[in-house]
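Please look through the sequence and the structure below before reading on.

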Amino acid sequence: MNEAFHDIAHMGHVELLTSEFDKSHWFFTDLLAFREVAWDGDSVYLRSWDDYERYTLKLVPSSKSGIGAVAIRTVSEEALNRRVAAIEASGRGVGWREGSHGIGKTYAFTDPDGHPMEIYYESEWHVPSEATRPALKNQADRFPGHGVNARRLDHVNFLGVDVEANGEFVNEVLGGRATEQIRLDNGRLAAQWFSFTNKSYDLVYSSDHTGTHGRLHHLAFAADTREDILKAADIFLENGIHIETGPHKHAIQQTFFLYVYEPGGNRIEFCNPGARLILAPDWKTIEWSEAERAKGQAWGLKTIESFHTHGTPPVD
Ligand SMILES: [Fe+2]
């Protein structure tokens, strides 16, 4: 097994850029039930209700929507130092910086596609206020009980010009395991799903057909049940949010999903990974062929064309 595997604990927090800040803020707080943590100038730190860390998402106003830094947490200080040494050896390191809102020293780097990323260990846990104290002490915050109640960040799906090069970096330098992938008839990888945990995926690369670096395909937040996703579709419909596709079930990873565009145009998924875990230490990457992918989803409608073309920032 790759000795780096298990140095990463999980995906931490993400920075999302939006050209429609006020409407995006409404989307995350009113519809997803995120709570405000703090403002930093014109940007706001938000948290999903069961995130044990202090924040989940930093929403940043920008002339173009897209993804900012994606941060991952290591299992220990030693693991952080091991991964930083590997990142520096790969030539992709940027340098140390101070984290914010409970996050300690953080090392910035980029993946081969140029997406800004960060890695850290120190993290202060969220302490609920009197108003958000949960009834049970084994959850981070009171259940919001409004909107779609997004529990936590589930995964990040980047677009990448060279899926294979990004995948090698995630595997060799960060220690991600490829649990599933799509290989085209020409031998090239069209997408690869990586896991740092026992979840079946945490970080995904899909081929960017526009040849543009550093774009986002989608961010996904976890729902408790499939019923929550059906209700989420009703809530998004009621509030004029563009539903791109779903609720359906993917063949790959078998995720029950709903994809919408938040008002800034960033694709957001609401997903239910269910009980599926990767327990095998010697898991063999499941490979799907071009013909298998062409069959579309497990059930539901065929994959919508925009799923293969839309990303943020948009390409002229
Ligand atoms: Fe996804």
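## A buried serine

Ser48 has a relative accessible area of 0%, and because buried means under 20%, Ser48 counts as buried. This value, like the others in this report, is computed from a predicted model. Ser48 belongs to the loop between β3 (43-47) and β4 (57-61), and its side chain reaches the backbone oxygen of Arg151 at a distance of 3.2 Å.

## The iron site

Which residues coordinate the iron ion? The donors are His155 and His218, each through NE2, together with Glu269 through OE, at 2.0 to 2.1 Å. Along the sequence these donor residues follow the spacing H-x62-H-x50-E.

Most peptide bonds are trans. The bond from Thr312 to Pro313, however, is cis, with omega near -5°, and Pro313 likewise has its place in the segment after α6. Another cis peptide bond joins Gly246 and Pro247, where omega is about 0°, and Pro247 is found in strand β14 (residues 242-249).

## Residues with positive phi

Most residues other than glycine have a negative phi. Ala33 has a positive value, near 70°, without being a glycine. Ala33 sits in the loop between α1 (21-31) and β2 (35-40), and its relative accessible area of 1% makes it buried.

Asn149 is not a glycine either, and its phi is positive, at about 50°. Asn149 is found in the loop between β8 (116-120) and β9 (152-160). Is Asn149 buried or exposed? Its relative accessible area is 15%, and because the limit for buried is under 20%, Asn149 counts as buried.

## An exposed leucine

Leu279 lies in the loop between β16 and β17 (286-289). Its relative accessibility is 66%, and because exposed means over 50%, Leu279 counts as exposed. The C-alpha atom of Leu279 is separated by 22 Å from that of Ala220, a residue 59 places away along the chain.

## The largest pocket

The largest pocket has a volume of about 510 Å³. Its lining is made up of 28 residues, and of these Ile182, Trp193, Ile252, Arg293 and Phe307 lie nearest its centre. Two or more lining residues come from each of β9, β11 (189-195), β12 (203-207), β13, α5 (290-294) and α6. By class, the lining of this pocket divides into 12 nonpolar, 12 polar and four charged residues.

## The cavity

How many cavities of 30 Å³ or more are there? The count comes to one, and the largest cavity has a volume of about 40 Å³. Leu32, Phe236, Leu258, Val260, Ile268, Glu269 and Phe270 line it, and this lining consists of six nonpolar, no polar and one charged residues.

Strands β15 (256-261) and β16 each supply at least two residues of the lining of the largest cavity, and β16 gives the most, with three residues. Glu269, listed here among the lining residues of the largest cavity, is also a donor to the iron ion.

Methods
Residues are numbered from 1 along each chain as its sequence is written. This is a predicted model: local features need pLDDT of at least 70, side-chain atom pairs count only at pLDDT 80 or more; totals for chains, interfaces and linings use all residues. Side-chain values use heavy atoms; hydrogens and water are left out. Donors are N, O and S atoms within 2.8 Å of the metal (3.2 Å for Na, K and Ca); water is not among the atoms, so sites may look incomplete. Helices (H or I, at least four residues) and strands (E, at least two) are DSSP runs, numbered from the N terminus. Buried means under 20% relative accessible area, exposed over 50%, partly exposed in between (1.4 Å probe, protein chains only). On a 1 Å grid over the protein atoms alone, a cavity is a set of points where a 1.4 Å probe fits but cannot get out, and a pocket is an open set with protein on both sides within 12 Å along at least five of seven lines; lining residues have an atom within 4 Å of a point. Grid points are joined across faces, edges and corners, and a volume is the space filled by probe spheres set on the points. Ala, Val, Leu, Ile, Met, Phe, Trp, Tyr, Cys and Pro count as nonpolar, Asp, Glu, Lys and Arg as charged, and the others, Gly among them, as polar. A polar contact is a pair of N or O atoms within 3.5 Å; within protein, one must be able to donate a hydrogen and the other to accept it, and residues adjacent in sequence count only if both atoms are side-chain atoms.
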